[in-house]
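Please look through the structure below before reading my notes, and keep it open beside you as you go.

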Amino acid sequence: MTRRFLFLLGSSRSDGNTELLAREAAEQLPGDVEQRWLSLAEHPLPDFTDLRRDSDHLLPPAGSDVALLLDATLAATDIVIASPLYWYSVSGLTKRYLDYWSGWLRTPGIDFKATMAGRTLWGVTALAHEEQEVADPLVDTLNHSAAYMRMRFGGVLLGNGSRRGDVLEDTEALARAKTFFAQEPPLARFPYESATV
């Protein structure tokens, strides 16, 4: 299967440190790997309404941002969540997108969980802290989401930056970016699962 990377930009601004770091990593992908970049700020999703107690979710209207993001998600072999670290987790735009996964799990006809199983979720984030442990909640959010979906998880590429462009001075992050997508990601697991599950 041809690899198709979907880069979802979760920042409210363009060309921020997280996006710059994601683009550095993407430059290392082979030329035959498809890349699609979508800004969640440019394709805003309405507030998510959980209907599971009342009815199934319906397919979104054609031409809507929800339909665009659903189709892009289903078409990707690799999904890269490029979200800045906001209050120690993913941005609100990113969280809203992930909330929609709950609805897509209950949308007849798309078999969302089975379709996503075996595909790969990656993360890229920039943070202002020197101590990278503060990003653990973001890493856990992505890992646990991947584990629930039985996806692979490639981990999170972390970079340091506060002012625009700062991450390009983070030589360690730029070095990690060169090989980030070259790894073979393992099946994601919850902390309570053994490696033999």
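1. Basis of the notes. This is a predicted model, in which local features need pLDDT of at least 70 and side-chain atom pairs count only at pLDDT 80 or more, while totals for chains, interfaces and linings use all residues. Residues are numbered from 1 along each chain as its sequence is written, and side-chain values use heavy atoms, with hydrogens and water left out.

2. Salt bridges in general. Side chains of opposite charge can pair when their charged atoms come close. A salt bridge here is a side-chain nitrogen of Lys or Arg within 4 Å of a carboxyl oxygen of Asp or Glu, and by this rule the count comes to six.

3. R23 forms a salt bridge with E19, and the closest N and O atoms of the two are 2.9 Å apart. Both residues lie in helix α1, which covers residues 17-26, and they are four residues apart, or about one turn of the helix; helices (H or I, at least four residues) and strands (E, at least two) are DSSP runs, numbered from the N terminus. For exposure, the words used are buried for under 20% relative accessible area, exposed for over 50%, and partly exposed for values in between, with a 1.4 Å probe and protein chains only. R23 is described as partly exposed because its relative accessible area is 33%, whereas E19, with 10%, is described as buried.

4. A pair between distant parts of the chain. The side chains of R150 and E193 also meet in a salt bridge, with 2.7 Å from N to O. This pair links distant parts of the chain, since R150 is in the loop between α5 and β5 (152-160) and E193 is in the segment after α6 (171-179), 43 residues apart. R150 counts as partly exposed because its relative accessibility is 33%, while E193, at 12%, counts as buried.

5. A further pair. R163 forms a salt bridge with D166, where the closest N and O atoms are 3.8 Å apart. R163 is exposed, because its relative accessible area is 62%, and D166 is partly exposed, with a relative accessible area of 21%.

6. A charged patch. Which residues gather in a patch of negative charge on the surface? They are E130, E131, E133, D136 and D140. Patches are made of residues with over 30% relative accessible area and no salt bridge, and like charges are joined within 9 Å, while nonpolar side chains (Val, Leu, Ile, Met, Phe, Trp, Tyr) are joined within 5 Å. Lys and Arg count as positive and Asp and Glu as negative, whereas His and the chain ends are not counted; the place of a charge is taken as NZ of Lys, CZ of Arg, CG of Asp or CD of Glu.

7. A nonpolar patch. Y86, W87 and Y88 form a nonpolar patch on the surface, and together they have about 410 Å² of accessible area, a value that comes from the Shrake-Rupley method with a 1.4 Å probe, where only the protein chains shown count as cover for residues. W87 is found in the loop between β3 and α3, and W87 counts as exposed because its relative accessibility is 78%.

8. Backbone angles. Most residues other than glycine have a negative phi. Y88, although not a glycine, has a positive phi of about 75°; this residue lies in the loop between β3 (78-82) and α3 (92-105), and is partly exposed, with a relative accessible area of 35%. D111 has a positive phi too, near 45°, and is placed in the loop between α3 and α4 (112-116). D111 counts as exposed because its relative accessibility is 54%.

9. Is N143 buried or exposed? N143, which is found in helix α5, is buried, because its relative accessible area is 14%. Not counting residues up to four places away in sequence, N143 touches F153, A188 and R189, where contact means heavy atoms within 4.5 Å. Y148 is also placed in helix α5, but Y148 is partly exposed, with a relative accessible area of 43%. Leaving aside neighbours within four places in sequence, Y148 is in contact with L105, K113 and F190.
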